2 protein chains.
Amino acid sequence: MSEFDLIQRHLTGLGCARGDVIVDVGDDCALLQVPADRELAVSIDTLVSGVHFLPETAPEGLGHKSLAVGLSDLAAVGAEPAWATLALTLPEPDEDWLQAFARGFAELARHEDVRLVGGDLTRGPLCISVQVHGFVPKGHALRRSGARPGDLVCVSGALGDAGLALQHVQRGEPLGDYLRQRLERPTPRVTLGEVLRGVATAAIDLSDGLASDLGHILTASGYGARIQLDRLPLADQVAGEVAASSDWSLPLSAGDDYELCFTIPKSHLAELSVLAAAAGCPLTQIGEIESRPGLRWMTAEGHQWHSERTGYDHFAR
Amino acid sequence: MSEFDLIQRHLTGLGCARGDVIVDVGDDCALLQVPADRELAVSIDTLVSGVHFLPETAPEGLGHKSLAVGLSDLAAVGAEPAWATLALTLPEPDEDWLQAFARGFAELARHEDVRLVGGDLTRGPLCISVQVHGFVPKGHALRRSGARPGDLVCVSGALGDAGLALQHVQRGEPLGDYLRQRLERPTPRVTLGEVLRGVATAAIDLSDGLASDLGHILTASGYGARIQLDRLPLADQVAGEVAASSDWSLPLSAGDDYELCFTIPKSHLAELSVLAAAAGCPLTQIGEIESRPGLRWMTAEGHQWHSERTGYDHFAR
């Protein structure tokens, strides 16, 4: 089975048929049509075996996740997903692996109206790069830089689930359905991102953890924030871990949750539940942007601690 | 030095400043503007250490080559290059390596009016994926599928240089400047690709070797071809190797030359030298498209042999 045959059999025609795809997999380039009134949003992300996932991870979940992390970036700028490309490096031409990977990828792609339009299949240590492409009305993308003092800091979903799931896996402990889903099949908050355009002043997706990613918003916007730890949305298992250990690193810096963190003017506070209903996910106000730079964490007892950025960093550990 | 610092220091602002880049490196997505009368052409390619290049390869050349292979795909569809993204996986945060890589990448990017607009830097076995993005007037991209019987088959530059250079490297023999340049710093035929729009009936870039890549044109177009071996443009060293060994595999299937192979109607034969002058590279007519499927190689003595596709294939060896 050659490289060309493998692509033809497993990686052609994945996802949704789209009228804006003029040529996809099989020529030197894909040829694509961007609507005239839209900007093109692109993001590329890599998952490396042994770094981003354990080598024995089921390929179907990897197919899902490798697309989901990119769609999460599109969500963070409020873009509507359109196309993806895939650079896949595999140690062996394992057809069962490839078929399962493609199934996971295609299922999410169809769900989010995405077409796989091109790629490269090479031999080497397992490594998956996916680039996503989406559209956003000209001048209306969400950015990291628009947060202003007094804005409310909000997050979607729950924090720390993927980090706790990874701990369980690393310890060889069984994973319940909820935590497995959160680690292996994260939900990119695409609808939320689109709903937040024109409402949020800044947004980012939580790939490296709240402390690091909110830190990027603060750096880009030039302000600080105060966060109420007792307001953080935590699943029972994560809340239990935090209570037992008095260690907040799971919800603050474990990463991989792919929720959105965003800021909205206080005047929009009442709309939060309407936005949550439109987006189909819980939204929680967890703190406020302040003029003073830095990130201050407030405990329920009113104590305050200041943090350095402590999210996941590939070259810092 | 963190992942963010490394990106900030070495991978930000590479290449040409462009007015169509609204946001580049540093937000969740790059935001880009495609001209309304253009299609977007995209291609992603991966170079893996130990597969596509030797681990000790100088990083500056890798920076050049990782962009050049993508630009060669844009050339093959006649697109004007615009942007690139980079997914770079590195075993260690080696700043000297990164600086040299970025220098090689940026030099070619500036030369071809390309901006690096985004990327991902991760830890793992050395692996480089680059996606290129370019523009082509609507409906005027070169394709693989337009070759017709009677069309002339042409190639740019010379064939087999990169393959011979790799043989020298693998045997530990010294490389002269010409062969080193051809292996490590291939020239993507971008200008030629643009010049061929409206002239060529089909085109492809020679990444896997003439037999394999011309085979793609024949498959996509539904015809065959007859190629005159004595017409193949060969540098003296390659011609010497072929003469000494009676083995044509260097020019026919070694790959990595990144020349263009294209077909033109016979009526354009006289224009070939004009096209070559406009493109700044030699062009050679090497054969003709025929109705009968298959690829027939004709020796100078008038003998004929038929070939299977024999180019580089990641999973076939």
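This is a predicted model: local features need pLDDT of at least 70, side-chain atom pairs count only at pLDDT 80 or more; totals for chains, interfaces and linings use all residues.
# Binding-site aspartates, a helix and some paired rings

Let's start with three residues that UniProt lists under "binding site" in an unreviewed entry: A:Asp28, A:Asp73 and A:Asp205. They are spread over 178 residues of sequence and also spread in space, with up to 32.7 Å between C-alpha atoms.

Residues are numbered from 1 along each chain as its sequence is written, chains are lettered from A and ligands numbered from 1 in the order in which they are written, and side-chain values use heavy atoms, leaving out hydrogens and water.

Now, where does A:Asp28 sit? You'll find A:Asp28 in the loop between strand S1 (21-23) and strand S2 (30-32) of chain A. Helices (H or I, at least four residues) and strands (E, at least two) are DSSP runs, numbered from the N terminus. A:Asp28 has 6% relative accessibility, so this residue counts as buried. Buried means under 20% relative accessible area, exposed means over 50%, and partly exposed is in between (1.4 Å probe, protein chains only). Leaving aside neighbours within four places in sequence, A:Asp28 is in contact with residues of chain B, including B:Asp73, B:Arg144 and B:Asp205. Contact here means heavy atoms within 4.5 Å.

A:Asp73 lies in helix H2 of chain A and is buried too, because its relative accessibility is 8%. With the neighbours within four places set aside again, A:Asp73 is in contact with A:Ser43, A:Asp45, A:Asp205, B:Asp28 and B:Cys29.

The unreviewed UniProt entry has another "binding site" annotation, covering A:His52, A:Asp256 and A:Tyr312. A:His52 is in the loop between strand S3 (38-48) and helix H2 (59-77) of chain A. At 23% relative accessibility, A:His52 counts as partly exposed. Its side chain reaches the backbone oxygen of A:Thr46 at 3.5 Å. A:Asp256 sits in the loop between H9 and strand S10 (260-264) of chain A, and at 19% relative accessibility A:Asp256 counts as buried. Beyond its neighbours within four places in sequence, A:Asp256 is in contact with several residues, among them A:Lys65, A:Ala162 and A:Arg182.

A:Ala162 takes us to helix H4 (residues 161-170) of chain A, whose buried residues are A:Asp161, A:Ala162, A:Gly163, A:Leu164, A:Ala165 and A:His168. What covers them includes helix H5 (177-184), helix H8 (236-245) and helix H9 (249-253) of chain A. Just after H4(A), A:Gly172 takes a positive phi of about 75 degrees.

Finally, look for the rings. Over all chains, the structure holds six aromatic pairs. Rings of Phe, Tyr and Trp (its six-membered ring) pair if their centres lie within 6.5 Å; planes under 30 degrees apart count as stacked, over 60 as edge-to-face and the rest as tilted. The rings of A:Trp83 and A:Phe135 have centres 5.2 Å apart and planes at 80 degrees, so they make an edge-to-face pair. Since A:Trp83 is in strand S4 (residues 80-90) and A:Phe135 in strand S6 (residues 127-137) of chain A, the pair ties together parts that are 52 residues apart in sequence. A:Trp83 is buried, with a relative accessible area of 0%, and A:Phe135 is buried at 5%. Elsewhere, ring pairs link A:Trp97, A:Phe101 and A:Phe105 into a cluster.

How values were computed:
UniProt positions are given in the numbering used here, feature names are shortened, and annotations may be inferred rather than shown by experiment. A polar contact is a pair of N or O atoms within 3.5 Å; within protein, one must be able to donate a hydrogen and the other to accept it, and residues adjacent in sequence count only if both atoms are side-chain atoms.
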